[in-house]
Amino acid sequence: METPNLNYIKELSGGDLAFEESILSVLKKEFPEECLLFKKNIHAKNYEESANNVHKIKHKISILGMSKSLKIASAFENELRKGETKLNSDFLKILDKIHVYLGC
Amino acid sequence: MNCIIIDDDATARLIIRQLCNNSKQITVIEEFESAIDAIKYLNSNNIDIVFLDIHMPSFSGFDFIQTLKSPPKIVLTTSDKNFALQAFEYECVVDYLVKPIIKERFEKSIHKLLSFEESKIAGKDNLSKEESNFIYVSVDRRLIKINIPDIYFVEAKGDYISIKTAQKNYIVHSTLKKIEEKLPSSLFIRVHRSFVINISEIVDIEDNSVVIQKSVIPISRSNKGELMKRLNLL
């Protein structure tokens, strides 16, 4: 599986370290909260809300330069809106990878 | 240009702010997590551009656009490509940016917004020039179109004004002050409390009077200095 990276953030920052720090701090704060909410909703079979959670997490996946994972997340979001959960385990692996990378 | 950012995702707001800071042609005035709060803000503030997320809980970007009576220019920002067709059904939507937004694509969007703004200004200029060529006056319950450069002079006559043109003399119920506001100051000047004249029609000036066509018009002492300044004196 691809590894998260900061290429996009660094390109955007153009050396602005304050921006890099603040975006990483927001990622570290929001990502665990959003993951928790997703797990809670999918456990409760609230698939529409789970899809909304995936939608929000998907942006963070893209910021971390994980283009293949982004495709999986998009497909999973669509799946959830149809009430299906086949890609759940793949998605959870992506979340784990990001958790480790961000150290949160 | 000034803008606001509406996105429920803090990382997205940070990124758009950074992109705006990089561009230097656009200033972020405010950020909103909820579209409803932004509506309240827009009701009392004049904003050029809104960077608007489509997918937001309870009140979407499209709900937001439909709520506004006269929306500013909107750049939609979304993680989905699927809304593009729907997005451009709204006249106010200028661009559609797919997240993660890359620098080059954002700059292209800013360029688009700037050209949009310039063409709007140019359109307004052309319109005002066209408008300034004519004046409409009410005569016997009819609106008569008068070509402004054809006006020789305007004379106050009690509650009326007399507009002397190359073709005709029009008597209109109005004041000299009102018509003076409508005439281009580059061409017309007040020379007396009862007269506004077309500078380009002056034949000669003698002491305290000016001749336009065959009419002799008085110049008041207080207005003479300004008139002399405006003439192309040798």
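Analyst: The largest nonpolar core holds 56 residues. Those with the most contacts inside this core are A:V54, A:A73, B:C3, B:I6, B:V50 and B:F51. Bear in mind that this is a predicted model. In soluble globular proteins, nonpolar side chains tend to be buried together.

Take A:V54 as a way in. Leaving aside residues up to four places away in sequence, A:V54 touches A:F38, A:A73, A:F76, A:E77, A:L80 and A:F91. One of these partners, A:A73, is itself listed among the core residues with the most contacts.

There is also a second, separate core. This one has 14 residues, including B:I151, B:F153, B:I163 and B:V196.

Next, the strands of chain B. Strand β11 of chain B spans residues 188-192. Of its 5 residues, 4 are buried, so β11(B) is largely enclosed by the rest of the structure. Its pairing partner is strand β12 of chain B, residues 195-198. The two run antiparallel, with 4 bridges between them. One bridge joins B:H192 to B:F195 in β12(B). A hairpin of 2 residues links β11(B) to β12(B).

Finally, an exposed spot in chain A. A:G83 sits in the loop between α4 (67-81) and α5 (88-102). A:G83 counts as exposed because it has 10 C-beta neighbours inside 10 Å, and the cut-off for exposed is 12 or fewer. A:S50 is 33 residues from A:G83 along the chain, and their C-alpha atoms are 10.0 Å apart.

Key. Residues numbered from 1 in each chain as written. Chains lettered and ligands numbered in written order. Predicted model: local features only at pLDDT ≥ 70, side-chain atom pairs only at ≥ 80, totals over all residues. Buried ≥ 20, exposed ≤ 12 C-beta atoms within 10 Å, placed from the backbone. Core = buried A, V, L, I, M, F, W, Y, C linked by C-beta atoms within 7 Å. Contact = placed C-beta atoms within 7 Å. Pairing = 2+ DSSP bridges.
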